[in-house]
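Look over the sequence and the model, then read on.

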Amino acid sequence: MLTECLDGLAIRPEGIYVDVTFGGGGHSRAILNQLTTGRLFAFDQDPDAHEQSKLISHPGFTLIPANFRFIRQYLRVHGVLQVDGILADLGISSHQIDTPERGFSTRFDGALDMRMNPTVGMSARDLLAEASVEELHRYLGMYGEIKNAKTTAQALVSARSIRPLNTIADLKAVLQPLAPRGKEFKFFAQVFQAIRIVVNEEMAVLEEFLQQVPVVLKPGGRLVVMAYHSLEDRPVKNFIRSGKFYGDVEKDFFGNEIKPLRAITRKAIEASPEEVARNPRARSAKLRIAEPNL
Ligand SMILES: C[S@@+](CC[C@H](N)C(=O)[O-])C[C@H]1O[C@@H](n2cnc3c(N)ncnc32)[C@H](O)[C@@H]1O
C-alpha cells in the first residue's frame, strides 16, 4: 500500500516528514522522491536497517538510529519541533523475518532472540527462561490470542526445568503436541507473535508513540499508520477516534469532546486483491490516516 501511504501523507515537496520504521527503506525512498527542499527523518532501532540507510544519499535525509517511542526527544535533538507528516509501518521487516539467526520466523531454526534491536533488552530466550507460568499465561492469551494459553505456559515452564529453551527448534518441540491438528503453523505463529510483542514491548511503545503524535504534528499534518494485526490496529483506531487507547472519548468541563486527532478516512484502508496476490503479507494490513483535530 505504498501509494496509499504516500497519498495519506499528502506530501509537500518542501515539508518535513518522519518515517518511524525505516526497515529496508522502501517507503523512505518513495517519500524522498517527492521532496525538493524538504527533509525526511527516519527511525529504526535495528542496526541492520542502519546499514541499508547508508545507501541513501539524498541531502534531506537523516537516519535516527533509535526507538520511535522517543520520537519527540530525538526530533528536538535535530532542532525539529513539529513535522508535516509521520509514517509508521508497524511490525518486523522482511529482512528480520528472513534472517534465521534473528529468531523471528517459525520457518527456520536459530537462536531464540526476536529483539528488533539485538543490543538491548531481554531476548526471547531470556523471557522464556525467566517468566513465571502466570506471566506466560497472560502473554500468550493477550498477545497470541491462543485458547490453551494456560496449558502452553505450564508446558513451557516444565520443559525449561529439564532443559533450557535456546533455539526455535527447542520451542517448537514443546509447542508441537499442544498445537491443534492441521493448524500447527498458525499456532506457532501466534505464540511467536506473543513473545515478540513482549520482548520488544510493542504495545507500550505504540501507546507512547501515539501520545506524542498530536504534539509533533503541525496543524494540517498527517499521521499514516499501517498495522498488521488487530492488537496493533485497535489502539491506533481507538486513539484516532477518541484520543484514548481503551474506553470512550473524554469531555471537558463544557461537555466538548477532547479528541487530539481526526480520522481522514472513516474506515481503515485495506490492500487490493491484486496487491494481496503479489504480497500475501498485505492481506492483514490496515492503513489509518489522521490529522490534528483543531
Ligand atoms: C515493517 S518494517 C518497515 C518496512 C519499511 N516501511 C520499508 O519500506 O522497508 C518495520 C521496521 O520498523 C522497525 N521498528 C519497529 N518498531 C520500532 C520501534 N519501536 N522503533 C524503531 N524502529 C522500529 C523494525 O526494526 C523494522 O525494521
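## A buried aspartate

Aspartate 233 has its place in helix α12, residues 230-242. Helices here are DSSP runs (H or I, at least four residues), numbered from the N terminus. Aspartate 233 is buried, with a relative accessible area of 8%. Buried means under 20% relative accessible area, with a 1.4 Å probe and protein chains only.

The side chains of aspartate 233 and arginine 288 are joined by a polar contact of 2.7 Å. A polar contact is a pair of N or O atoms within 3.5 Å; within protein, one must be able to donate a hydrogen and the other to accept it, and residues adjacent in sequence count only if both atoms are side-chain atoms.

## Basis of the model

This is a predicted model: local features need pLDDT of at least 70, side-chain atom pairs count only at pLDDT 80 or more, and totals for chains, interfaces and linings use all residues. Residues are numbered from 1 along each chain as its sequence is written, and side-chain values use heavy atoms, with hydrogens and water left out.

## Around the ligand

There are 22 residues around the ligand, and His27, Asp44, Asn67, Asp89 and Gln96 come nearest. A residue counts as near if one of its heavy atoms lies within 4 Å.

A polar side-chain atom of aspartate 44 lies 2.7 Å from a ligand oxygen atom. Glycine 25 places a backbone N or O atom 3.3 Å from an oxygen atom of the ligand. For threonine 21, a backbone N or O atom is 3.5 Å from a ligand nitrogen atom.

Key
Helix = DSSP H or I, 4+ residues; strand = E, 2+ residues; numbered from the N terminus. Buried < 20%, exposed > 50% of the residue type's maximum accessible area, 1.4 Å probe, protein only.
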